[in-house]
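Subject: Structure handover and findings

Dear colleague,

Please find the structure below, together with its sequence.

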Amino acid sequence: MIETGRYLIGVAGASGFGSKSTADEVTENCDLRSTTAIITGATSGIGAETARVLAKRGARLVFPARNVKAAEEAKGRIVSEFPEAEIVVMELDLSSISSVRGFVAGFESLHLPLNLLINNAGRLAHEHAISEDGIEMTFATNYLGHFLLTNLLLKKMIQTAEETGVQGRIVNVTSGIHGWFSGDLIEYLRQISQPKCKVIGGQFDATRAYALSKLANVLHTKELSSRLQKIGANVTVNCVHPGVVKTRLTRDREGLLTDLVFFLTSKLLKTVPQAAATTCYVATNPRLMNVSGKYFTDCNETTPSGLGSNSSEATKLWAASEILVTQHSKTGFDPLS
C-alpha cells in the first residue's frame, strides 16, 4: 500500500527521480552530440519518445524498423521539431534471424561508431504464430532477435568505447510482467514453438508467452553483464521496466474491452513521456557509470523476480539462445538436440 502511494504521488527515489518524472526531465543536463544510438521500436510509443528526447539532446540515431514507411514518418516528426537531428532509417524484422544479420551488415557498412543500444521493440501476439526460424513469434521478436542483434553489435560497441574512452551502454526494455512466469523456461518455449501448440490445457496463453519473453530480457541482461565484465569490456548493460502505459503493444487487441481496462486502471497508467523516462535515465545518466546487470523501474534500481535473479537460469538460456540463432531450423524448436 505504501509503495502504491509513493508511485501514485511520484515520490522521488535515490536517483532524484520517480514515477512521474519524464524523459525530458531526466536528460535535462545531457549533451549527447558525440553519441550514436540504435533504438529498436522507435516508430511509436515509448520508443518514439525515447528517440525524440535523445535527438533533442544531440544524439545521432539509427532506426531499425520492419515498417520502413512508419520509421521515415517517425524520423520526419523528430526532424520537424529538431532540424539538426541526424537519423538513419534501416530495415529490420527482429523475428527473422537472417534479417537481423542483414541489418548488422548494413550498419557496419556505414562505418559509424556505436555508443548506445536500446533494445526497446516489443510485441504481444495474441494469436499463436511461429517465426520463419521455427520460434514462437513473441519470444522471437521480443528476445531472440535482440539477443542476436546485441551479440553482433558488441564488437562495434567495445571498439567505440576503446577509441573514445566513453563507456558504452546497452538498455534492454523488459516488463514487470516478467515476474508472472514460473516453470521451466526452455521446456515451455519448446511447447509453444510447435506448429500445433502443445501446452498443458491445449490452449496458447499469450500473456504467459509474453511474460517468458520479458523474463528472457532480464536473464539476458544478467548473463551479458557477467560476460562483459569477464573480458574487461567498457560496456554496461541494464534492463528497465517502463511502467504501465497504453501503447501500440496492444495493437492486436484494440476495442471496447481493452479501452475499458485501461480506463479503469487510468490512475496507475503513466504517460508516454513518463514511461520513457527510465530508459532515458539508464541510457544517459552519469551516475550509472560502471553500473551493470541491474534492473530499474521508475528511474531507480530495484530487484527483479526470483527467477529473473537466477544466474544458472541465465546461463542456461544463453546456451540455448546461441544454438537457436545458429541452427536456422524451420522444422521445430529443439535447442538441446
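A residue is called buried when its relative accessible area is under 20%, exposed when that area is over 50%, and partly exposed in between, using a 1.4 Å probe and protein chains only. This is a predicted model, in which local features need pLDDT of at least 70 and side-chain atom pairs count only at pLDDT 80 or more, while totals for chains, interfaces and linings use all residues. Residues are numbered from 1 along each chain as its sequence is written, and side-chain values use heavy atoms, with hydrogens and water left out.

Salt bridges

Side chains of opposite charge can pair when their charged atoms come close. The criterion for a salt bridge is a side-chain nitrogen of Lys or Arg within 4 Å of a carboxyl oxygen of Asp or Glu. Over the whole structure, 12 salt bridges were found.

One of them joins the side chains of Asp-24 and Arg-52, at 2.6 Å from N to O. This pair links distant parts of the chain, since Asp-24 is in helix H2 (residues 23-26) and Arg-52 in helix H3 (residues 45-56), 28 residues apart. Helices (H or I, at least four residues) and strands (E, at least two) are DSSP runs, numbered from the N terminus. Arg-52 has 16% relative accessibility and therefore counts as buried.

Asp-184 lies in the loop between strand S5 (168-173) and helix H7 (185-192) and Lys-316 in helix H12 (residues 311-327), so the pair ties together parts that are 132 residues apart in sequence. Asp-184 is partly exposed at 39% relative accessibility, as is Lys-316 at 36%.

Within helix H7, Arg-190 and Glu-187 are 3 residues apart, about one turn of the helix. Their closest N and O atoms are 3.4 Å apart, forming a salt bridge.

Strand S6

In strand S6 (residues 235-241), 7 of the 7 residues are buried, so the strand is largely enclosed by the rest of the structure. Val-235, Val-237, Cys-239 and His-241 point one way, whereas Thr-236, Asn-238 and Val-240 point the other way.

Two strands are taken to pair if DSSP finds at least two bridges between them. S6 pairs in the parallel sense with S5 over 6 bridges, and Val-171 stands opposite Asn-238. S6 also pairs in the parallel sense with strand S7 (residues 295-297), over 3 bridges; there, His-241 stands opposite Thr-297.

Yours sincerely
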